Amino acid sequence: MTNNTNNSNVDLAYRRRKSAEEMKHHVISFALMIFLTIIAFIAVGYGEFSPWFVVPFILLLAVIQVILQLYYFMHMNHKGHEAPKMFMFSGILIAAITVLCFSTIIWW
């Protein structure tokens with residue numbers, strides 16, 4: 001690894017600060033995912049909610065968790081991951097269009 005400066009203490013302090021910031025983001029997103037999971041369990045356990053509300057609500061929470069996991073735990077927020085992001089989101093778009101097309105063909 002090449003140093004940006006000739007002072008290794010400055011580079012070490014920068015790397016430590018970036019690592020601490022990265023760890024803080026991981027902990028926050030992990031806590032948010034646990035919170036979303038608890039909300040999903042409460043939505044299912046609470047008998048007053050209709051299944052027509054619970055199922056889309058849980059799917060929405062699942063999509064949010066997948067995005068958080070891709071962004072933080074799979075390091076998609078770092079530079080150099082533009083091509084994998086493009087291919088993944090293109091695949092998601094094509095899958096969503098395919099599901100929508102087959103759903104409309106079957107239901108109408």
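Phenylalanine 49 counts as partly exposed because its relative accessibility is 37%, where buried means under 20% relative accessible area, exposed over 50% and partly exposed in between, with a 1.4 Å probe and protein chains only. This is a predicted model, in which local features need pLDDT of at least 70 and side-chain atom pairs count only at pLDDT 80 or more, while totals for chains, interfaces and linings use all residues. Residues are numbered from 1 along each chain as its sequence is written, and side-chain values use heavy atoms, with hydrogens and water left out.

A search of the whole structure finds three aromatic pairs, a pair being rings of Phe, Tyr or Trp (its six-membered ring) whose centres lie within 6.5 Å, called stacked when the planes are under 30 degrees apart, edge-to-face when over 60 and tilted otherwise. Phenylalanine 49 and phenylalanine 53 form a tilted pair, 5.2 Å centre to centre with 50° between the planes, whereas phenylalanine 53 and phenylalanine 57 form a stacked pair at 5.3 Å and 15°. Phenylalanine 53, at 41% relative accessibility, and phenylalanine 57, at 22%, are partly exposed as well. Ring pairs link Tyr46, Phe49, Phe53 and Phe57 into a cluster.

## Helix H2

Phenylalanine 53 and phenylalanine 57 both lie in helix H2, four residues apart, about one turn of the helix; helices here are DSSP runs (H or I, at least four residues), and strands are runs of E of at least two, numbered from the N terminus. The 23 residues of H2 should span 33 Å at 1.5 Å a residue, and its end C-alpha atoms are 31 Å apart, which agrees; the expected span is 1.5 Å times one less than the number of residues.

At the N-terminal end, serine 50 caps H2 through a side-chain oxygen that lies 3.1 Å from the backbone nitrogen of tryptophan 52. H2 is followed by histidine 75, whose phi is positive, near 60°.

## Buried residues and the core

Not counting residues up to four places away in sequence, leucine 68 touches Leu32, Met33, Leu36 and Phe73, contact meaning heavy atoms within 4.5 Å. Glutamine 65 of H2 is buried, with a relative accessible area of 17%, and, with that sequence exclusion, touches Met33, Leu36 and Thr37.

How values were computed
A polar contact is a pair of N or O atoms within 3.5 Å; within protein, one must be able to donate a hydrogen and the other to accept it, and residues adjacent in sequence count only if both atoms are side-chain atoms.
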